[in-house]
Amino acid sequence: MFLGTYTPRLDEKGRLILPAKYRDELADGLVLTRGQERCIYVFSTDQFAAVHAQMRQAPLTSRQARDYIRVFLSGASDESPDKQGRITIPPGLREYAGLDREVTVIGAGDRAEIWDSAAWNTYLEEKESEFSSTDEEAIPGLF
């Protein structure tokens, strides 16, 4: 499970050092793709296969499903961390997420997410007040 918040930096070649706690899970490969809210989703290869299997269950007649799958998969890039735990984020994904040097990597359970640090801080500030007032209906049976 991916947990926590980390603030590595992108180098001039678009490489990022993965948080040490994530490296074992991602050592055999990972998939980067467009996430919602203009972040990058990071899946282990196995988890990405499971997500893709779920997508394949969507009816081909659903325009919304087709559109989502196209955007999600067309931005995907499979990567393998090097010996230092670095991955290269392709230019198209860096542009999509507005990544510069300062990035934030967060754990989101079954995936990690890579955010531009300023965008993450703005998002978190907006959502923390909603988080405090969330009721049972948001995630039924959680509390």
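This is a predicted model: local features need pLDDT of at least 70, side-chain atom pairs count only at pLDDT 80 or more; totals for chains, interfaces and linings use all residues.
**Overall architecture**
- The C-alpha trace of the protein spans about 40 × 40 × 25 Å along its principal axes.
- Five helices and eight strands make up the secondary structure; helices (H or I, at least four residues) and strands (E, at least two) are DSSP runs, numbered from the N terminus.
- Along the sequence, these elements follow the pattern β-β-α-β-β-α-α-β-β-α-β-β-α.

**The sheet**
- Six strands form an open sheet in the order β1-β7-β8-β4-β3-β5, with antiparallel pairing; two strands pair if DSSP finds at least two bridges between them.
- At the edges stand β1 (5–6) and β5 (77–79), each pairing on one side only.
- Strands β7 (residues 103–107) and β8 (residues 112–116) run antiparallel and are joined by five bridges.
- Residue I106 has E113 in β8 as its bridge partner.

**Helices across the strands**
- Helix α2 (residues 45–55) lies across β3 (30–34) and β4 (40–44), at about 105° to β4.
- Helix α5 (residues 117–132) lies across β1, β7 and β8, at about 105° to β8.
- Axes are lines fitted to C-alpha atoms, for helices over the stretch in contact (heavy atoms within 4.5 Å), and angles run from 0 to 180 degrees between N-to-C directions.

**The second largest pocket**
- The second largest pocket holds about 260 Å³ of space.
- A pocket is an open set of points on a 1 Å grid over the protein atoms alone where a 1.4 Å probe fits, with protein on both sides within 12 Å along at least five of seven lines; lining residues have an atom within 4 Å of a point.
- Its lining includes Q36, E37, Y41, I106, E113, W115, W120 and Y123.
- At least two lining residues come from each of β7, β8 and α5.
- The lining divides into six nonpolar, two polar and three charged residues.

**The loop between β3 and β4**
- E37 lies in this loop and has a positive phi of about 60° although it is not a glycine.
- R38 is also found in the loop between β3 and β4, and R38 has a positive phi of about 60° without being a glycine.

Definitions and conventions. Residues are numbered from 1 along each chain as its sequence is written. Side-chain values use heavy atoms; hydrogens and water are left out. Grid points are joined across faces, edges and corners, and a volume is the space filled by probe spheres set on the points. Ala, Val, Leu, Ile, Met, Phe, Trp, Tyr, Cys and Pro count as nonpolar, Asp, Glu, Lys and Arg as charged, and the others, Gly among them, as polar.
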